[in-house]
Amino acid sequence: MIFYPQERMGLFIDGSNLYAAARSLNFDIDYKRLLEVFANKGHLIRAFYYTALVEDQEYSPIRPLVDWLDYNGYTMVTKPTKEFTDAQGRRKIKGNMDIELAIDVMEMAEHLDHIVIFSGDGDFRRLVEAVQRKGVRVTVVSTTRSSPPMVADELRRQADNFIDLVDLEDTVTRPAGPAGQSSSQPDYEDEYLDDDAEYVEE
């Protein structure tokens, strides 16, 4: 990893994408440890976390984690999911945070030397190219070790650096067993919304 202590750095975390990558590698992210790892590599200005929320449910499975992150050093960016009915009459739920992430990256670029994007989404390639033209270095964090790989090849090629999530495993994972459960971070829920997918209710 190529980081410089004097760099002003921002983290931009596509929540569902990072969750899916970690799940494909069979570990859970400890977000407090993740923040500490990157804060020790440079001058961390801000860490953004993006996720869509299903608002009409009595209990949202991601809400406890969202609230915990909000109190523990992350800038939360959320929006309600959109619900619609397709031609077959099936109820679909969709939430996508790509635009929010892209706008924040562009707005923050003038205040940063190094942007770290936690996502493998190929749609971000042009965003990476745009901020690189402003003189900002970009690191992408995702994984090629899953099957299929979670990072788009074009995004990986465009980035200045690529960090495979596997290489961070020892420093950013939640400990297994009672030690991990004693952490104040809420447990993950399998119902975590994948904001790039459409959810269908028959």
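Strand β7 is covered on both faces: R137, T139 and V141 on one side, and V138, V140 and S142 on the other, are all buried. Buried denotes under 20% relative accessible area, exposed over 50%, and partly exposed the range in between, with a 1.4 Å probe and protein chains only. Because six of the six residues of β7 (residues 137-142) are buried, the strand is largely enclosed by the rest of the structure.

This is a predicted model, in which local features need pLDDT of at least 70 and side-chain atom pairs count only at pLDDT 80 or more, while totals for chains, interfaces and linings use all residues. Residues are numbered from 1 along each chain as its sequence is written, and side-chain values use heavy atoms, leaving out hydrogens and water.

Helices (H or I, at least four residues) and strands (E, at least two) are DSSP runs numbered from the N terminus; two strands pair if DSSP finds at least two bridges between them.

| Strand | Bridges to β7 | Facing residues |
|---|---|---|
| β6 (residues 114-118) | five | F118 and V141 |
| β8 (residues 161-164) | four | D164 and S142 |

The chain crosses from β7 through helix α6 (residues 153-158) to β8 in a right-handed β-α-β crossover. Right-handed means that, with the strands pointing away from the viewer, the path from the first strand over the helix to the second runs clockwise. β6, helix α5 (residues 125-132) and β7 also make a right-handed β-α-β unit.
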